[in-house]
Amino acid sequence: MEANTPLQTEARDAPGPEEKAKKAAAEAKVANQLPEVRLVVLGWRWPGKSLTGNTIIGREEFRLERAAEFCVKRQTEVLGRQVTVVDTPGWFSAQDTPPSYKEELVRGASLCPPGPHVFLLVIPIGMFTEVDRARIEEHVSLFGERVWKHTIVVFTWAEVLRTISIERYIRREGKELQSVLEKCKRRYFVINNCIFGEHPQVERLLERVEKMVAEEGGYYNPEEVEKEKKPLDENQNPAREGRELGARPKQNSVLSLSKTMEVELLSSE
Ligand SMILES: Nc1nc2c(ncn2[C@@H]2O[C@H](COP(=O)(O)OP(=O)(O)O)[C@@H](O)[C@H]2O)c(=O)[nH]1
Ligand SMILES: [Mg+2]
């Protein structure tokens with residue numbers, strides 16, 4: 001403040017540090033902008049994954065269904081970018097996820113070749129438990145540990161916050177939520193799914209993704225991760241890994257074996 005006074009008189013018309021920073025940020029945004037943005041939406045069932053997809057796409061493209069079984073892909077142009085969103089079925093919050101569901105989840109990443117720029121991990125604002133953390137780690141890690149470099153937490157149900165700031169909510173929820181955020185270098189975004197249509201939040205989210213891509217260098221390549229996983233699988237427990245992670249090519253994989261079991265599980269949810 002006062003320390004700047006002599007400088008201000010010296011160069012009254014020159015931009016101040018704040019203006020310079022603003023200009024640099026604006027230039028970085030333009031430089032980071034991608035012609036195409038590929039997103040995969042992850043999370044347990046019912047926190048608002050599909051609705052978040054709709055908010056981004058700007059249309060009701062994804063059906064809000066409790067018993068979603070398959071990944072769904074939609075593409076459209078959003079704010080000058082070709083945007084692809086892959087919506088995934090999500091995992092069960094309290095019971096084991098059937099292996100074929102896990103396989104379908106992992107398939108989501110290969111639906112937007114050459115691979116997603118970002119995984120949006122959708123978490124609803126509210127009580128966040130140790131089980132929630134463990135389930136997130138279990139399912140997100142199906143994509144390999146590298147996935148965290150490409151993950152942004154998206155908080156839904158933001159209206160629940162009312163007067164509390166998101167930072168305070170994160171502090172208050174404690175170490176379980178914080179540990180998830182640490183895994184993705186505290187990248188998070190609060191989306192308001194009650195606002196539909198034109199709103200700066202979608203542009204801000206895309207810019208956030210583009211910033212992460214610039215910082216982390218590129219996108220998540222499912223083929224590379226698959227290659228990395230293979231030697232590990234062979235040394236560990238090939239029968240189990242093959243069954244749970246779907247070590248075979250996942251395109252067009254038939255979700256067969258435990259279909260009856262899944263349906264039973266779903267109807268009991
Ligand atoms: N009020 C509010 N409702 C939401 C929000 N996000 C999702 N919902 C509602 O929560 C339910 C589940 O949303 P959906 O997107 O289908 O969840 P998904 O299972 O994760 O795909 C639907 O009834 C949505 O309308 C949100 O941010 N605020
Ligand atoms: Mg859904």
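In which loop does Pro114 lie? Pro114 is found in the loop between helix 4 (99–107) and strand 4 (118–124), where helices (H or I, at least four residues) and strands (E, at least two) are DSSP runs, numbered from the N terminus.

This is a predicted model, in which local features need pLDDT of at least 70 and side-chain atom pairs count only at pLDDT 80 or more, while totals for chains, interfaces and linings use all residues. Residues are numbered from 1 along each chain as its sequence is written, and chains are lettered from A and ligands numbered from 1 in the order in which they are written.

**View 1. The cis peptide bond at Pro114.** The peptide bond that runs from Pro113 to Pro114 is cis, with omega near 0°.

**View 2. Two residues with positive phi.** Trp46, in the loop between strand 1 (36–42) and helix 3 (49–57), has a phi near 85°, a positive value in a residue other than glycine. With 16 other C-beta atoms within 10 Å, Trp46 is partly exposed; a residue is buried if 20 or more other C-beta atoms lie within 10 Å of its own, exposed if 12 or fewer, and partly exposed in between, with C-beta atoms placed from the backbone. Arg186, in the loop between helix 7 (175–183) and strand 6 (188–190), has a phi near 55°, which is likewise positive in a residue other than glycine. Arg186 is exposed, because 11 other C-beta atoms lie within 10 Å.

**View 3. The surroundings of Leu105.** Leu105 belongs to helix 4 and counts as buried, because it has 22 C-beta neighbours inside 10 Å. Neighbours within four places in sequence aside, Leu105 is in contact with Thr88, Pro89, His139 and Leu142, where contact means that the C-beta atoms of two residues, placed from the backbone, lie within 7 Å. Leu105 and Trp91 are 14 residues apart in sequence, and their C-alpha atoms are 8.6 Å apart in space.

**View 4. The shell around ligand 1.** Of the 15 residues around ligand 1, those that come nearest are Gly48, Lys49, Ser50, Leu64 and Asn193, a residue being near if its C-beta atom, placed from the backbone, lies within 6 Å of the molecule. Helix 3 gives the most to this shell, with 3 residues.

**View 5. Confidence along the chain.** The protein chain averages a pLDDT of 84, and 80% of the residues score at least 70, pLDDT being the predictor's confidence in each residue, from 0 to 100. Where pLDDT is low, the predicted coordinates should not be read in detail.
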